[in-house]
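Please have the sequence and the model open while reading.

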Amino acid sequence: MKAEVINPFLESARLVFEQLIQISPSTGKLGIKNVEHVEDHIWIMIGMTGQLNGNVVFGIQEQVALRIVSAMMGGFIIAEMDEMGQSAISELGNMISGNASTILYNQGYSVDITPPQVMKSSHPGLDLVSQALCIPITMDGIGELDIQVMIS
């Protein structure tokens with residue numbers, strides 16, 4: 001795993017949250033985390049191919065995801081993660097990853113991203129790897145999103 005790869009995702013997440021929901025998130029401490037099923041969580045998994053290969057997974061507690069989607073919808077309260085909510089949270093992951101791939105390209109890495117997959121905590125696709133570089137992003141009044149990078 002390349003630790004420097006996480007920085008473009010942090011920069012991109014900050015920009016997307018500032019533009020999309022007018023919140024300046026703060027970052028937590030970088031660490032290595034075991035990838036495991038967590039109850040009441042939603043995972044947005046995006047693959048990366050090219051000079052860097054692997055997956056980026058955004059882990060969000062479901063209630064936090066609902067608050068993010070509600071903020072994305074201009075404050076319209078979303079009470080359950082229905083098809084529209086899943087589409088919005090998927091697009092959030094796509095926006096962060098797309099911007100991060102542009103930043104990586106500007107740093108000399110030729111990469112492509114795959115379409116996002118939204119998964120609930122019990123999805124078997126989360127068993128693909130055991131550890132990831134992880135950094136939490138905290139948004140006041142909304143909650144926390146974990147960026148988990150498994151790229152080599």
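How much space lies in the second largest cavity? About 30 Å³ lies there. The model is a predicted one, and two cavities of 30 Å³ or more are counted in it.

**Second largest cavity**
- The residues lining the second largest cavity are Lys-33, Asn-34, Val-35, Glu-36, Trp-43 and Gln-148.
- Sorted by class, this lining has two nonpolar, two polar and two charged residues.

**Gln-148**
- Gln-148, one of the lining residues of that cavity, belongs to strand E8, which covers residues 143–151.
- Gln-148 counts as buried because its relative accessibility is 3%, and the cut-off for buried is under 20%.
- Beyond its neighbours within four places in sequence, Gln-148 is in contact with Lys-33, Val-35, Trp-43, Asn-55, Val-56, Val-57, Ala-132, Leu-133 and Cys-134.

**Gln-22**
- Gln-22 sits in the loop that runs between helix H1 (6–21) and strand E1 (26–27).
- Although Gln-22 is not a glycine, its phi is positive, at about 55 degrees.
- Gln-22 has 61% relative accessibility and therefore counts as exposed, the cut-off for exposed being over 50%.

**The two glutamines side by side**
- Gln-22 lies in a loop and is exposed, whereas Gln-148 lies in a strand and is buried.

How values were computed. Residues are numbered from 1 along each chain as its sequence is written. This is a predicted model: local features need pLDDT of at least 70, side-chain atom pairs count only at pLDDT 80 or more; totals for chains, interfaces and linings use all residues. Side-chain values use heavy atoms; hydrogens and water are left out. Helices (H or I, at least four residues) and strands (E, at least two) are DSSP runs, numbered from the N terminus. Buried means under 20% relative accessible area, exposed over 50%, partly exposed in between (1.4 Å probe, protein chains only). Contact means heavy atoms within 4.5 Å. On a 1 Å grid over the protein atoms alone, a cavity is a set of points where a 1.4 Å probe fits but cannot get out, and a pocket is an open set with protein on both sides within 12 Å along at least five of seven lines; lining residues have an atom within 4 Å of a point. Grid points are joined across faces, edges and corners, and a volume is the space filled by probe spheres set on the points. Ala, Val, Leu, Ile, Met, Phe, Trp, Tyr, Cys and Pro count as nonpolar, Asp, Glu, Lys and Arg as charged, and the others, Gly among them, as polar.
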